[in-house]
Amino acid sequence: MARRISRRKKPSKEDFVLKPERKIESEVFDRDTLLVLSKMIKKGIIANVDYPISTGKEANIFRATTSSGEFVAVKIYKLETAPFFRKAEYLEGDPRFMGIKGGDRNIVLAFARKEFKNLKICEATGINAPRPLYMQRHVLVMSFIGDTTGLPFQTMNMCGPRGESDMNSILDNIKKMYHAGLVHADISEYNIMMSAPPTLIDFGQGVILSHPRAMEFLERDVRNILKYFEKHGIKLDFGKTMGWIKK
Ligand SMILES: Nc1ncnc2c1ncn2[C@@H]1O[C@H](COP(=O)(O)OP(=O)(O)OP(=O)(O)O)[C@@H](O)[C@H]1O
Ligand SMILES: [Mg+2]
């Protein structure tokens with residue numbers, strides 16, 4: 001019997017003990033996903049899919065292990081759901097993804113490609129983000145953001161920020177991204193993992209600066225961060241921060 005994965009549930013430490021009955025069974029994956037995963041295993045990209053880190057409406061994230069015993073994260077975009085209509089605005093206007101036609105599947109595939117490309121820009125620019133390792137169709141493999149025992153770090157919404165240094169690091173990353181021509185467009189405490197320094201994740205919505213709404217998305221990202229840190233007693237001026245980012 002396949003284990004049913006509850007939506008959005010964040011696993012506790014006990015959940016990560018790999019008991020035999022916790023092994024992921026094939027019923028968890030649809031045919032398309034199984035095909036991609038088995039190709040990745042044949043190619044030696046991963047050796048084993050270990051357990052689900054997060055199950056959401058748009059993607060599931062698994063921890064996996066490579067043949068050399070390294071942990072990686074595998075993000076599997078959901079082909080069967082179509083919540084992406086709402087998000088078409090992040091594709092339209094991005095010259096890298098002009099002319100995506102057809103159904104929801106193509107849009108999902110474009111988002112997966114987009115996240116991979118955005119992570120490549122981050123890697124080249126020295127942003128604190130997962131390193132993109134491999135991508136095929138709707139499956140993206142990236143470096144694992146977690147501790148040496150194999151547990152993923154918490155996201156910032158789960159534990160709160162550690163202080164001003166976290167805010168400075170995040171704003172620094174936003175600035176670096178801007179100067180590399182990229183806007184994350186979905187920054188919030190839910191998309192920040194608590195490594196030291198913090199790691200930005202979830203780059204599928206990221207747009208390049210020639211997107212007509214890039215500045216609007218940038219301002220929203222910055223407002224989100226300033227508002228969140230203000231709630232935790234750390235206040236910065238929005239106008240001044242924007243000026244500093246663009247400098
Ligand atoms: N590279 C990574 N290493 C470890 N854990 C990760 C990694 N990337 C994502 N995660 C975990 O998976 C969760 C969901 O990832 P992400 O934000 O990229 O997906 P999502 O697009 O928000 O999915 P959905 O919207 O369907 O929930 C994160 O909150 C984090 O806990
Ligand atoms: Mg997310």
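A: Let us begin with a definition that helps with angles between elements: axes are lines fitted to C-alpha atoms, for helices over the stretch in contact, and angles run from 0 to 180 degrees between N-to-C directions. Please also keep in mind that this is a predicted model. With that in hand, helix α2, residues 104–125, can be described as lying across β3, β4 and β5, and its direction makes an angle of about 160 degrees with β4.

Q: Which strands does helix α1 lie across, and at what angle does it run to β4?

A: Helix α1, residues 31–43, lies across β1, β3, β4 and β5, and it runs at about 130 degrees to β4.

Q: In what order do the strands of the open sheet come?

A: A sheet is read by going from each strand to its pairing partner, and two strands pair if at least two bridges are found between them. Here the open sheet has 5 strands in the order β1-β2-β3-β5-β4, with antiparallel pairing. The edge strands, each of which pairs on one side only, are β1 and β4. From one strand to the next, the twist averages 25 degrees.

Q: How many bridges does β5 form with β3, and how many with β4?

A: With β3, strand β5 pairs in the antiparallel sense over 5 bridges, and Lys75 has Leu140 of β5 as its bridge partner. With β4, residues 132–136, strand β5 pairs in the antiparallel sense over 4 bridges; among the partners you can look up are Met142 for Pro132 and Val141 for Tyr134.

Q: What phi do most residues other than glycine have, and what form do most peptide bonds take?

A: Most residues other than glycine have a negative phi, and most peptide bonds are trans. In this model, Ala185 has a positive phi, near 75 degrees, and it is found in the loop between β6 and β7. Asp202, which is not a glycine either, has a positive phi of about 65 degrees and lies in the loop between β8 and β9. As for the peptide bonds, the one from Ala196 to Pro197 is cis, with omega near -5 degrees, and Pro197 has its place in the loop between β7 and β8.

Q: Is Phe238 buried or exposed?

A: Phe238, which is found in helix α6, residues 238–246, is exposed, because it has 12 other C-beta atoms within 10 Å. Leaving aside neighbours within four places in sequence, Phe238 is in contact with Val222, Arg223 and Leu226. Arg223 is 15 residues from Phe238 in sequence, while their C-alpha atoms are 6.9 Å apart in space.

Q: Why does Asn60 count as partly exposed?

A: Asn60 lies in strand β2, and it counts as partly exposed because it has 19 C-beta neighbours inside 10 Å. Not counting residues up to four places away in sequence, Asn60 touches Pro52, Ser54, Thr55 and Ile76. Asn60 and Lys78 are 18 residues apart in sequence, and 7.4 Å separate them in space, C-alpha to C-alpha.

Q: Which residues are the closest to ligand 1?

A: A total of 19 residues surround ligand 1, the closest being Ser54, Gly56, Glu58, Ala73 and Asp202. At least two residues of the shell come from each of the strands β1, β2 and β3, and at least three come from each of domain 1, residues 13–143, and domain 2, residues 156–246.

Technical notes:
Residues are numbered from 1 along each chain as its sequence is written. Chains are lettered from A and ligands numbered from 1 in the order in which they are written. This is a predicted model: local features need pLDDT of at least 70, side-chain atom pairs count only at pLDDT 80 or more; totals for chains, interfaces and linings use all residues. A residue is near a molecule or strand if its C-beta atom, placed from the backbone, lies within 6 Å of it. Domain bounds come from an automatic or database domain assignment. Two residues are in contact if their C-beta atoms, placed from the backbone, lie within 7 Å. A residue is buried if 20 or more other C-beta atoms lie within 10 Å of its own, exposed if 12 or fewer, and partly exposed in between; C-beta atoms are placed from the backbone.
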